[in-house]
Amino acid sequence: MRSFPHVAVLALAAAALSLAAGAGCTPPDPGVPLDRPVYPTGLAVHPDGERLVVVSSDFDKAYDDGALLLADLTAVRAGLAEDASEDRRDAVVEGVYLRAARMPPFGDRPVFTSGGERLLLSTRKTNLVSSVDVDVDTGFSCGHTDGDGTPRCGKSPLALQVPETDAFDVLVLDEVYEGGELTRVGGLVTQLSSSMVHFFRDDRAREGAAEMQLTGSLDLGDAVRGVRSAALRTRDGVKHVVVAVETTTVTASAALLVLFEPAVDAALFTVDVTEAMGAQSLKDVLVVPGVGAEPDAVIVATRMPDAVARFQIDDLPSGPSLQLTAVAETCAMPTGLALDQMDNVTRVLLTCQVGGAILALDPWTLAVTDAVRFAGRNPYDVVVNPLLPEAYVSFFLDDTIGVLSLVDATGVPRMSLRGRIGTPTAKPEDGRE
């Protein structure tokens, strides 16, 4: 997964705040908008394919809260189909956010349980993992409600405090159903500024503070300064976690991929990405399952240089081994990865912050097979609908969500922009107009 945008974006947000303060502007209403995102980051499509969760991060702290928004994808498709704009960058649909919840700022990509009943996500700075019940009709529920009836998430007992700094990626490891109802979820959370992986239990059969509890921890090593991304791999009933980490010692720094079974005493299987292909930093990691007897693979987005790399996973008696099989240059500042698998076609989608690029890549050669460019400012997360040939991209600086079609009118795989959810925020004045 991705860290928050590059220092240039931070400077832009800081400059905007400074100008507002210097001009003596009236402070904005502290109530975070509940009908549109503010600095959208993470996205998740409900397993039914008809709802989209958008995380509104409140990155510049203009409000007291962040938010979760629930969009109606049926309304999105209908609205964009009716828009006659010749340039699909101008096609916009409004009023499709059905429900909302307030939550702490600095949230990132949420993750659904397999049936979509529950949503787990982390919020940086507050270092929380929050559990949210989701109903496609009634919206979010997390145990607390504000005076205006809006759910407020990120509070005990449905929020877990993580010991170290910058809780980031959350993975669902297992689910327990009783009488057809989801009762318990086991998961893990990684952190951008710590070597610790924490395992937790979200158990609604328990009461009070016992509902969400830490169940153990795994230390990835003294040299690890943080986990940049995490993904889950399942093969023949065996689970492995794949993490992209960065290390620092007295003499050197390196970027590593580490595989381990999700257990506190797990053995670590490591490949040095810096040594293998030269990258000094990693951004996102994605598991591409092999078909039949074909091995699984790990795709990783790198920085310094901006590239993507493919590592094949060989399952040996001694444990999994990662072998570099392909490297390709890519667009500037790659950030997010997603897997598109439909109708026997597999593609990897990649967002890049510079140039507003969204690329489709061949998962074996990493060659670019399709691209959408300059569709929005600072594309961040990208997710694929599990049931329909469409994808969604959060445009961090536009406060909008891009809607992509993954096939053309004849059903041939081809990526194109269908339009946006929301009107783009105006670009800041820079004195050149």
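Tutor: Let's start with a term: a disulfide is a pair of cysteine sulfur atoms within 2.5 Å. This is a predicted model, where local features need pLDDT of at least 70, side-chain atom pairs count only at pLDDT 80 or more, and totals for chains, interfaces and linings use all residues. Residues are numbered from 1 along each chain as its sequence is written, and side-chain values use heavy atoms, with hydrogens and water left out.

Student: Okay, what makes Cys-142 and Cys-153 a disulfide?

Tutor: Their sulfur atoms sit 2.2 Å apart, and the cut-off is within 2.5 Å, so the pair qualifies.

Student: And why is the disulfide of Cys-142 and Cys-153 called left-handed or right-handed?

Tutor: Look at the torsion about the S-S bond: for Cys-142 and Cys-153 it is about -80°, so this one is left-handed. Both cysteines lie in the loop between strand E9 (139-141) and strand E10 (159-161), so the bond ties together parts that are 11 residues apart in sequence.

Student: How do you know what counts as a strand?

Tutor: Strands (E, at least two residues) are DSSP runs, as are helices (H or I, at least four), and the numbering starts from the N terminus.

Student: How many disulfides does the structure hold?

Tutor: There are 2. With the bonded cysteines numbered in sequence order, the pairing reads 1-2, 3-4.

Student: Are Cys-331 and Cys-352 buried or exposed?

Tutor: Both are buried, and so are Cys-142 and Cys-153. Buried means under 20% relative accessible area, exposed means over 50%, and partly exposed is in between (1.4 Å probe, protein chains only).

Student: Then why does Ala-332 count as partly exposed?

Tutor: Ala-332 has 30% relative accessibility, which falls between the 20% and 50% limits. Ala-332 is found in the loop between E22 and E23. Leaving aside neighbours within four places in sequence, it is in contact (heavy atoms within 4.5 Å) with Asp-306, Cys-352, Gln-353 and Val-354.

Student: Why do you call the link between Asp-108 and Tyr-380 a polar contact?

Tutor: A polar contact is a pair of N or O atoms within 3.5 Å; within protein, one must be able to donate a hydrogen and the other to accept it, and residues adjacent in sequence count only if both atoms are side-chain atoms. The side chains of Asp-108 and Tyr-380 are joined at 2.6 Å, so they meet that distance limit.

Student: Which is Asp-236, buried or exposed?

Tutor: Asp-236 is exposed, with a relative accessible area of 74%, which is over 50%. Its phi is near 55°, a positive value in a residue other than glycine.

Student: What about Leu-366, buried or exposed?

Tutor: Leu-366 is buried at 2%, under the 20% limit. Leu-366 has a positive phi of about 70° although it is not a glycine.
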